Amino acid sequence: MFDTGQVNQRTSFASTHTSNRLYVHGGTGNNAAVLYDDISMFDSATRKWNPVESYGEHAPSKRHSHMAVMADEYRMFIYGGIDGSGTKNDLWEFNLLTCMWHEFTIEDTSPTVYDAVLLYVPMGHLLLYGGGSTGNVYSFEVGRSVRCSHLHDNLWKTIIRAQFTDVMFTFASN
């Protein structure tokens with residue numbers, strides 16, 4: 001797969017970065033029926049793609065339309081997305097030092113299952129913003145709510161919940 005130093009062409013993947021490396025997880029191939037669960041790393045110093053190995057049997061499912069964020073130079077988090085069974089509402093941490101996945105148990109989940117979210121890590125917290133629903137039409141509500149979790153709490157707490165629904169972007173999927 002990486003004989004040419006390239007990552008398979010894909011869309012709807014999660015990506016995040018450190019100071020000199022770009023990480024890509026999952027996504028779909030040219031044929032939307034093909035889902036990936038691998039991690040690839042682009043090193044800006046060598047200008048090459050490399051696979052990132054993972055060990056253990058407990059890992060996230062193959063998925064697309066999920067988000068990723070780095071908590072520091074060696075911990076990557078992914079959230080949500082869509083796999084072969086539907087929309088996911090799960091949070092995973094990948095440790096780049098041990099090459100192991102850890103799934104977080106999320107309590108107090110939102111009634112809306114997210115398939116497109118924004119994660120950000122300020123001072124040990126993850127922020128979850130927006131999201132949408134699945135089907136032939138995706139609706140992403142702008143400014144709807146912000147949920148927060150400390151990395152050690154395993155609990156999402158709503159910190160901002162807007163009561164308006166008049167700002168919405170909708171597009172039909174193919």
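Predicted model: local features only at pLDDT ≥ 70, side-chain atom pairs only at ≥ 80, totals over all residues.
In what order do the strands of the open four-strand sheet run? The answer is β5-β6-β7-β8, paired antiparallel.

View 1. Numbering starts from 1 along each chain as its sequence is written, and side-chain values use heavy atoms, with hydrogens and water left out. You'll find zero helices and 14 strands here (helices are DSSP runs of H or I with at least four residues, strands runs of E with at least two, numbered from the N terminus). Of the 174 residues, 40% are buried (under 20% relative accessible area, 1.4 Å probe, protein chains only).

View 2. (Two strands pair if DSSP finds at least two bridges between them.) β7 and β8 run antiparallel to each other over five bridges; zoom in and Glu-93 has His-102 of β8 as its bridge partner.

**View 3. Asn-95 up close.** Asn-95 belongs to strand β7 (residues 86-95). Asn-95 is buried, with a relative accessible area of 16%. Its side chain reaches the backbone nitrogen of Leu-97 at 2.7 Å. Leaving out residues up to four places away in sequence, Asn-95 touches Tyr-74 and Met-100 (contact here means heavy atoms within 4.5 Å).

Technical notes:
Buried < 20%, exposed > 50% of the residue type's maximum accessible area, 1.4 Å probe, protein only. Polar contact = N/O pair within 3.5 Å; in protein donor to acceptor, adjacent residues only side chain to side chain.
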